[in-house]
Amino acid sequence: MALGSGGDFLLTTVDSVARWAQSSSVWPLTMGLACCAIEMMTATAPEYDIARLGSEVFRASPRQADLMIVSGRVAQKMGPIVKRLYDQMADPKWVISMGACASSGGVFDNYAIVQGVDTIIPVDVYVPGCPPTPDGLLYAVNLIQQQIKQGGRGGILARA
Amino acid sequence: MTEARRVGVVYSFRSMSPYGPVAIYLAVAFLAALAFCLLPGLVARKKPNPVKSEAYECGVEPTSDVSGRFPVRFYLVAMLFVIFDVEAASFYPWAVQMHALRLFGLAEMLVFVIVLAIGYAYVWKRGGFQWR
Amino acid sequence: MTTAIPESSYSVDVVERSANRMVLSMGPQHPSTHGVLQIITEIEGEIVTKASPEIGYLHTGIEKSAENLFWSQASTVIERMDYLSPLTNALCYYLAVEKLLGIDGEIPPRAQQVRVLLCELSRIASHCVWLGTGGIDLGALTGFFYCFDLRERILDLFEASGGARMHPNYIRVGGLGRDLPSGFLEKLDGVIAMYGPRMRDVRRLLQKNPILQDRMIDVGIIAADDALAWSLTGPTLRATGIPYDVRRAFPYGGYEAYDFDVITRTEGDSYARFLVRLDEMEQSMRIVRQVRDALKPGPIAIDDTKVMPPPKETIALSMEALIHHFKIMTEGFRVPPGDVYQAVEGPRGELGYYVVSDGGNRPYRVRTRPPSLYNLQALKGLAPGNLIADLVVIIGSLDPVFGEVDR
Amino acid sequence: MPSSQTPPAGATALDPTAVRPDIADARIHRVPAAELRATLERLKGEGFGMLLDVGGADYPGRELARFDVVYHLLRIGRTATTLAEVGAPDRVRVLCAVGEADPVLPTVTDLWPSADWAEREVYDLFGVRFDGHPDLRRIQMPDDWQGYPLRKDYPLRGPALERTPRPSFALKSNVAAGTPASGKTAAALQRQIAQARGNSSFAPGSVPAAAATPAQLAQQPVNLKTEDTKS
């Protein structure tokens, strides 16, 4: 859509509105794997309350989720399934690799664990910890929101 | 003079046909629905990939073709829902004008509810609500 | 309508595609399977005609990793098996190792009391997660918030004592890593005081809730002999009327000093399991109160420096302490050869460790008897004949933890 | 964790089950493979209503057959409805050695249905087959997995990863090794401490006022967390 300068102004404001809307309601996918999933549930509990960030709606289907939180160790049998879920998520989508096991295999440097989920899907934010405290997860969702607002994927202009 | 005065007449809804607002309401609803359907198609980014177009079944390849026939129970549940949902929806116009309609409206609504209650009791006794 | 457990329903063989039968994968990523469980269900409309649970989606090779770590380091991976009550895993593993070392009689009383205290608290915390997520499966979201808030207070205790919320690595061979911090007992009194009113609210909210009763009563009935045949233990077995509790049958770690009741019911359905777990939390808090009164200052670890590294401050002062510390930290201690089976009453049932040592500084083999694996296996016989909605309730009532099922 | 390359120290016993100290955890029966089925049926007849667990172990070095399949049984009956009747049920451990050439044992799923998954797991992780098992296939590993992971000759990190070196974290981190810690944070921390101690005029780098000697500064405990929220 070739637009004059006026059009650009129009689109950039629409784009920034779209980015504001996307960043203030990043819906995660319900995919709890191991101990980090319990801390992810605790992040939705009253003490930490991920609802303040607009992410308390955990969508069961990848079609309606923007954010995949890989919360726990990814077994070899689960690897292709995580890849398939990521592919079936609608664009734009983001990935938080929660915990040491998801980020690098963690304490399980053995045959059964995928040594870092970034070997199968692109990851946006890594959360250290085993398991990370729910604060760590909230901070990670914050970073995702900043990523959306400051550019990169998201909005309507970016074709990435 | 009269020309000007007629031009200056304010176009008030009272002088419209009673169904004017309804028409406007339907038009706006239709346009909004149309916009919500078409806009994402135009503006949103499309990054198709073969896996994304496949059916989603909890993360695994779909095990069976969905073309199998659905048991009739599902249609029964759908029909019952539609009936009683429309019944609930038809309370609204009466509820808005409840005071204006006074006793006549109340009696009318009670008849309406009783008729449907008979149907409800019949379905309940025949076991329409049990899945077995 | 409940069917007896048909012997032939072990797994889904490819059935002829009758008109309205459909094979559906209630797959690894599903909101109500409490983890990565896949159930290949063959359904006719809403009724499940055959179900074959598939596990292994969280297989972490923990037993293989444990064979390549020192004796004291292996508890790091072992604690991550049952991540709802990690301390119970560590306690069971270390009791087994202490039996092999022959020092299970010399653990100081204060260490045993704190171990019992933390294990009972982790049982309550684990039941809180079960109650919260089980409530969500049936639409009771408020229960989730109440229970997880109580669990937060308990995790504060773990963090205060062990240093981490979930995997504190606080229990060591021969006792505890450190003594309890100074403000711990006041915090513990706070939790004990908060527990009563909080659980009264949760009970008022959920116990006589007509929706929950409708969904749970007469759903997933297990008869006593089926429970024994399927090797179910814990609340699942006690709900069928058999009062087998490892804390009573094979007292370990000082449990014989506390009195508590073994809760049983006879119906064996999901609601019976629900009530058994609820009342069990009361008994656990009763034990916590008794430990709280019995706690006396004293040594928290065995003073055999071959096994337990000496306290940090003594390292700079005495040569032997430095040598012992260095030896344990670089090479670990050795355990005499032999094998032992040690069982513990975990929140889900009898958690057993069959630990084999070949005399080296690493466990030769650590075989876990995971209660969740056997409790979950009952699903094969329970599922046929129920609605899919009932399947969700049955999975919730069996309370599986997949770190333990898949190891 | 010690790298899996450091050899285990002090491994003396090739068959630990033979030289075990007498720990009273279970009655132990060592049974040859031929009599396994008969022994388990006899034990079931004696009232061992629950098969607690079926586990595997691999002793490559011992002269007896290589794999050990361990059955734990509990004598508890259906009629045990009170604590007294349950009492302290006795526990039996049946050890059965089976060779590497033809690791096959009879199944017990018809005696205790709970053995179904346990036997599948022993097959999946050790390669011991159970004939008569209704559905013997892998349970933990993916169906197309090669090899039996819990065998002692199976590498810890799996055949694929074994050759790749363990990731040294210097490679993965994006900070070049040797970069000095950035000075900014240290100065900010000093300013915070000074602010917390009330002489907010303290400019970084300038000499602190004589009154607050370093010794006094050290005594005053500063909890940056609470100070932070207060100011």
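## Close-up views of a predicted model

**In strand β8(C), Arg365(C) is the bridge partner of Val356(C).** This legend, like those that follow, describes a predicted model. Helix α3 of chain C, which spans residues 86-101, packs on the sheet and touches both β6 and β7 of chain C, and the direction of this helix makes about 150° with that of β6(C). Strand β7 of chain C, made of residues 349-357, runs antiparallel to β8(C), and five bridges join the two strands.

**The open sheet of chain C has three strands in the order β6-β7-β8, with antiparallel pairing.** At its edges lie β6 (338-346) and β8 (365-369) of chain C, each of which pairs on one side only. From one strand of this sheet to the next, the twist averages 15°.

**Helices α11 and α15 of chain C pack with their axes 9 Å apart.** Helix α11(C) covers residues 270-294 and helix α15(C) covers residues 388-398, and the angle at which they pack is about 30°. Because angles under 35 degrees count as roughly parallel, α11(C) is described as roughly parallel to α15(C). The crossing of these two helices, α11(C) and α15(C), is left-handed. On the side of α11(C) the contact is made by Ser270(C), Arg273(C) and Phe274(C), while α15(C) contributes Val393(C), Ile394(C) and Ser397(C). Sorted by class, the residues of this contact between α11(C) and α15(C) are three nonpolar, two polar and one charged.

**In chain A, an open sheet of three strands has the order β1-β2-β3, with parallel pairing.** The edge strands of this sheet are β1 (67-71) and β3 (125-127) of chain A, and each of them pairs on one side only. Neighbouring strands are turned against each other by 15° on average, when direction is ignored. Five bridges connect β1(A) with strand β2 of chain A, residues 94-98, and these two strands pair in the parallel sense. Where does Leu67(A) find its bridge partner in β2(A)? The partner in that strand is Trp94(A). Helix α2(A) packs on the sheet, where it touches β1 and β2 of chain A, and its direction makes about 130° with that of β1(A).

**Helices α2 and α5 of chain A pack at an angle of about 75°.** Because angles from 65 to 115 degrees count as roughly perpendicular, α2(A) is taken to be roughly perpendicular to α5(A). From α2(A), the residues Glu39(A), Met40(A), Thr42(A) and Ala43(A) meet Pro134(A), Leu137(A) and Leu138(A) of α5(A). The residues in this contact of α2(A) with α5(A) divide into five nonpolar, one polar and one charged.

**Chain D and chain C meet through 49 residues of chain D and 55 residues of chain C.** On the side of chain D that touches chain C, at least two residues each come from β2 (50-58), β3 (67-74), α2 (83-86) and α3 (115-126) of chain D. The largest share of that side, six residues, is supplied by β2(D). By class, the side of chain D facing this contact with chain C holds 31 nonpolar, eleven polar and seven charged residues.

**Chain B and chain C meet through twelve residues of chain B and 14 residues of chain C.** The side of chain B that touches chain C is made of five nonpolar, four polar and three charged residues.

For the complex, the predictor gives an ipTM of 0.86 and a pTM of 0.86. Chain B averages a pLDDT of 84, and 84% of its residues score at least 70. Over residues 1-5 of chain B the pLDDT is below 50, and this stretch has zero contacts in the model beyond near neighbours in sequence. Chain C has a mean pLDDT of 91, with 95% of its residues reaching 70 or more. Over residues 1-16 of chain C the pLDDT stays under 50, and for these residues the model has 25 contacts beyond four places in sequence. Where pLDDT is low, the predicted coordinates should not be read in detail.

How values were computed. Residues numbered from 1 in each chain as written. Chains lettered and ligands numbered in written order. Predicted model: local features only at pLDDT ≥ 70, side-chain atom pairs only at ≥ 80, totals over all residues. pLDDT = per-residue confidence, 0-100. Contact = placed C-beta atoms within 7 Å. Nonpolar A, V, L, I, M, F, W, Y, C, P; charged D, E, K, R; others polar. Axes fitted to C-alpha atoms, helices over the stretch in contact; angles between N-to-C directions. Helix = DSSP H or I, 4+ residues; strand = E, 2+ residues; numbered from the N terminus. Parallel < 35°, antiparallel > 145°, perpendicular 65-115°, else oblique. Left-handed = near helix turned anticlockwise from the far one by under 90°. Pairing = 2+ DSSP bridges.
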